[in-house]
Amino acid sequence: MELIVISESKFKLMLTSSDMASYTGNTKEILREIINDAQVKCGHAPISGRVFVQMYPSREGGCELFITMLESHNNISVRGCEERSLAEYKKYIPQERRIIYSFPQMKHLLGCCFGLTQVGYSGTSAAFVDRGRHNYYLMIDNETHIATENLGSLCPGYTYYYINEHCDVICGDNATEKLGRLA
């Protein structure tokens, strides 16, 4: 394991395939273990608070992790909800299973949610709105033809970062079930 300090709040960890094989458990536990081990092995100051992790596979079978410590003041106020960060709402869908659809109107988003409930969709879901562009987004954990039937467009993965900075939460969890009732 090798740790490279990029800045005060950003670090790069490089793990070999044998390093990775020594970790078991769920993703959150594994990441916590890796960060703790890196701090001990590399003698770095504690990485604490909320973090944003990007993981990329390496050619040799290991991986590279970019860890960014997030400031705690990135909270927003969402109508009808206590103050929470968008990251708290988006934690419901792991990054590796995040599929995002964009809809031109709310009625199309609602139609998609209704259709997904009719076919028994039980995965995770969250809905967002970009008030400036009048766009609606649905994050789910797998692709579906129902979204395209309701004028939804499959978005590239980096749309997540756009949503994180520019959108408001409509429904943070079980969006398909809750919004499907409104259609």
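Two strands pair if DSSP finds at least two bridges between them. Strands β6 and β7 pair in the antiparallel sense, over 6 bridges. The model is predicted. Its strands include an open sheet of 5 and an open sheet of 4. A search of the whole structure finds 0 disulfides.

**Five-stranded sheet**

- The strand order is β8-β5-β7-β6-β9.
- Pairing in this open sheet is antiparallel.
- The edges are β8, residues 153–154, and β9, residues 168–171. Each edge strand pairs on one side only.
- Strand β6 spans residues 125–130, and strand β7 spans residues 135–140.
- Ala126 has Met139 of β7 as its bridge partner.

**Helices across the five-stranded sheet**

- Helix α4 covers residues 106–118. It lies across β5 (99–103), β6, β7 and β9.
- The direction of α4 is at about 20° to β7.
- Helix α6 covers residues 159–166. This helix also lies across β5, β6, β7 and β9.
- The direction of α6 is at about 120° to β7.

**Four-stranded sheet**

- The order here is β1-β2-β4-β3, and the sheet is open. Its pairing is antiparallel.
- Strands β1 (2–5) and β3 (51–57) form the edges. Each of them pairs on one side only.
- From one strand to the next, the twist averages 20°.
- Strand β2, residues 10–15, pairs with strand β4, residues 63–69. The sense is antiparallel, over 6 bridges.
- Lys10 stands opposite Thr68 in β4.

**Cysteines**

- The disulfide search covers the whole structure and returns 0.
- Cys167 is in no disulfide. Its nearest cysteine sulfur belongs to Cys155, 9.8 Å away.
- Cys167 is buried, because its relative accessible area is 3%, under the 20% cut-off.
- The cut-off for a disulfide is a sulfur pair within 2.5 Å.
- Is Cys171 buried or exposed? Its relative accessibility is 9%, so Cys171 counts as buried.

Terms used: Residues numbered from 1 in each chain as written. Predicted model: local features only at pLDDT ≥ 70, side-chain atom pairs only at ≥ 80, totals over all residues. Heavy atoms only, no water. Helix = DSSP H or I, 4+ residues; strand = E, 2+ residues; numbered from the N terminus. Contact = heavy atoms within 4.5 Å. Axes fitted to C-alpha atoms, helices over the stretch in contact; angles between N-to-C directions. Buried < 20%, exposed > 50% of the residue type's maximum accessible area, 1.4 Å probe, protein only.
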